[in-house]
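Please describe the fold, the surface and a few individual residues of this protein.

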Amino acid sequence: MSVLIDDSRPIFLQIAERIEDDIIEGRLSAEDQVPSTNQFASYYQINPATAAKGVNVLVEQGILYKKRGIGMFVTKEARHILMEKRRQLFFEQYVVTMLREAKKLGITTKQLTDMIAKGDNV
């Protein structure tokens with residue numbers, strides 16, 4: 001059965017994000033082996049080169065490394081690198097957007113802080 005996550009985005013990026021999520025959420029730890037490109041290719045019914053492209057994105061970022069003849073493994077720094085990356089993305093995508101909208105609506109910093117504190121109960 002083919003399992004495509006989102007047809008509107010490149011599959012190789014979705015594979016990279018799946019591995020990232022597994023690391024952030026603790027399903028993969030430092031020195032754990034990740035599925036092979038052939039396993040990803042079979043699971044998603046895609047070309048192994050596409051799966052390899054997703055894995056290589058993470059190698060370039062220092063998230064994964066290759067043990068020759070064995071496979072790809074999570075680096076010791078992977079979770080830290082990913083947490084910093086995701087925090088920056090969160091800031092850019094959500095906080096900046098929220099602050100701009102609050103400014104447009106005349107919401108003060110105090111009011112915004114109160115709204116966020118109120119959200120803690122959600």
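The report below goes from the overall fold to single residues.

## Basis of the model

This is a predicted model, in which local features need pLDDT of at least 70, side-chain atom pairs count only at pLDDT 80 or more, and totals for chains, interfaces and linings use all residues. Residues are numbered from 1 along each chain as its sequence is written, and side-chain values use heavy atoms, with hydrogens and water left out.

## Overall fold

The protein has 5 helices and 2 strands. Both kinds of element are DSSP runs numbered from the N terminus: helices are H or I with at least four residues, strands are E with at least two. Read from the N terminus, the order is α-α-α-β-β-α-α. The radius of gyration is 19 Å, well over the 14 Å that the globule rule gives for 122 residues, so the protein is more spread out than a compact globule. That radius is taken over C-alpha atoms, and the rule is 2.2 Å times the number of residues to the power 0.38. Along its principal axes, the C-alpha trace spans about 60 × 30 × 25 Å.

Contacts (heavy atoms within 4.5 Å) also reach along the chain. Of the contacts with a separation of 6 or more, 55% are between residues 24 or more positions apart.

## Surface and charge

Of the 122 residues, 26% count as buried. Buried means under 20% relative accessible area, exposed means over 50%, and partly exposed lies in between (1.4 Å probe, protein chains only). The protein exposes about 8500 Å², and carbon and sulfur atoms supply 55% of that area. Accessible areas come from the Shrake-Rupley method with a 1.4 Å probe; for residues, only the protein chains shown count as cover.

There are 17 positive and 16 negative charges, and their mean positions are 2 Å apart. Lys and Arg count as positive, Asp and Glu as negative; His and the chain ends are not counted. Each charge is placed at NZ of Lys, CZ of Arg, CG of Asp or CD of Glu.

## The strand pair

Strand E1 (residues 64-67) and strand E2 (residues 71-74) run antiparallel and are joined by 4 bridges. Two strands pair if DSSP finds at least two bridges between them. Leu64 stands opposite Val74 in E2. The hairpin has 3 residues between the strands, and Gly69 takes a positive phi near 80° there.

Thr75 is in the loop between E2 and helix H4 (78-105). Its relative accessibility is 10%, so Thr75 counts as buried. Leaving aside neighbours within four places in sequence, Thr75 is in contact with Ala30, Gly62, Ile63, Leu64 and Tyr65.

## A buried glutamate

Glu20 belongs to helix H1 (residues 11-24). Its relative accessible area is 3%, so Glu20 is buried. Which residues is Glu20 in contact with, leaving aside its neighbours within four places in sequence? They are Leu58, Gln61, Leu82, Lys85 and Arg86.

## Loops and positive phi

Glu31 is in the loop between H1 and helix H2 (37-44). Glu31 has a positive phi of about 75° although it is not a glycine. With a relative accessible area of 31%, Glu31 is partly exposed. Gln45 sits in the loop between H2 and helix H3 (48-60). Gln45 is not a glycine either, yet has a positive phi of about 50°. At 53% relative accessible area, Gln45 is exposed.

## Distances across the chain

Ser36 is in the loop between H1 and H2. Ser36 is partly exposed, at 33% relative accessible area.

Glu92 lies in helix H4. Its relative accessible area of 42% makes Glu92 partly exposed. Glu92 and Lys118 are 26 residues apart along the chain, and their C-alpha atoms are separated by 22 Å.
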